[in-house]
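The stops below are meant to be selected one after another.

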Amino acid sequence: MSELNIFLGPPGAGKGTQAIKIAEEFGLAHISTGDMLRNHISNRTELGKIAKSVMDEGHLVSDDLVIKMLVERLGSDDCKNGAILDGFPRTLPQAKSLEDIKNEFPVDKVFVFEVDEKELVQRILSRGETSGRSDDTVESIKVRFEIYTQDTEPLIDFYNKQDKVLKINAVGEIDLIYRNIAKHFN
Ligand code: ADP
């Protein structure tokens, strides 16, 4: 049995930064569906070709494709001790896909990153200057926030009903935020 911990929050909330640190410290796999999709784009795979324009506009890649990619990834050896899911699930069908594999990969906790939107736009725009991510533009960010509110935020309620939600104040020192998350892994 390999437990999954989900990092959920709006774009720019710092999920990736924290997920990398937690995964390393606790020997878990770090699975970022955004990174995986960007790899597909760099490698010019079929999936990458489909994903590129959708991602640049800030829309979501289709559930079928992302679920398939994620489930395949969970089959790797490095997921045996469990994994941090960074950016998945983002929709109700994606969350339900995890219910189908819950005997092998049960969801343990869902960390909800809380940051206000003004701070987020600033963070993403300055990230875009250095990361060169082609979706870190004002137009795409607007769409990503709308989609977050519409499709992803309802998952908080979904997991609240299962008593799995932990709210994390994601504003402030990276190390302080890290310690607030890490204490739940000991
Ligand atoms: P951010 O959280 O800043 O939006 P991500 O790297 O998590 O960055 O995601 C970038 C893009 O990748 C998303 O806008 C979306 O197009 C695509 N993507 C990532 N994860 C998923 C997912 N679970 N379902 C659908 N699309 C996804």
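Predicted model: local features only at pLDDT ≥ 70, side-chain atom pairs only at ≥ 80, totals over all residues.

Start by showing the strands. In what order do the five strands of the open sheet run? The order is S2-S3-S1-S4-S5, and the pairing is parallel. From one strand to the next, the twist averages 20°. Now colour S2 and S5 (165–169): these two strands stand at the edges. Each has a single partner strand, so one side of each is left without a neighbour in the sheet.

**Strand S3 and its partners**

Select S3 (83–86). S1 and S3 are joined in the parallel sense over four bridges, and S2 also runs parallel to S3, again with four bridges. Click on Ile-84 in S3. Asn-5 has Ile-84 as its bridge partner, and His-30 stands opposite Ile-84 as well.

Next, show the side chains of S3. Are they buried or exposed? On one side, Ala-83 and Leu-85 are buried; on the other, Ile-84 and Asp-86 are buried too, so both faces of the strand are covered, as the cut-off of under 20% relative accessible area defines burial.

**Helix H4**

Select residues 63–74, which make up helix H4. The helix has twelve residues and reaches 16 Å from its first C-alpha to its last, close to the 16 Å expected at 1.5 Å a residue. Colour Val-66, Ile-67, Met-69, Leu-70, Arg-73 and Leu-74: these are the buried residues of H4. Why do they line one face of the helix? Look down the axis of H4: the buried residues fall within an arc of 165°, so they line one face. As background, an α-helix has 3.6 residues a turn, so residues three or four places apart point the same way.

Turn to the other side of H4, where Asp-64, Lys-68 and Glu-72 are exposed.

Go to Pro-89, in the loop between S3 and H5. The peptide bond that leads from Phe-88 to Pro-89 is cis, with omega near -5°.

Pro-89 is also among the residues touched by Thr-152, so select that threonine next, taking contact as heavy atoms within 4.5 Å. Thr-152 lies in helix H7 (residues 138–152). Leaving aside residues up to four places away in sequence, Thr-152 touches Leu-8, Pro-89, Arg-90 and Ile-147. Its relative accessibility is 4%, so Thr-152 counts as buried.

**Two loop residues with positive phi**

Which loop holds Arg-44? Arg-44 is found between H2 and H3. Although Arg-44 is not a glycine, it has a positive phi of about 50°. With a relative accessible area of 68%, Arg-44 is exposed.

End at Asp-163, in the loop between helix H8 (154–160) and S5. Phi of Asp-163 is near 65°, a positive value in a residue other than glycine. Asp-163 counts as exposed, at 71% relative accessibility.

How values were computed: Residues numbered from 1 in each chain as written. Heavy atoms only, no water. Buried < 20%, exposed > 50% of the residue type's maximum accessible area, 1.4 Å probe, protein only. Expected span 1.5 Å × (residues − 1). Arc of directions from axis to C-beta. Pairing = 2+ DSSP bridges. Axes fitted to C-alpha atoms, helices over the stretch in contact; angles between N-to-C directions.
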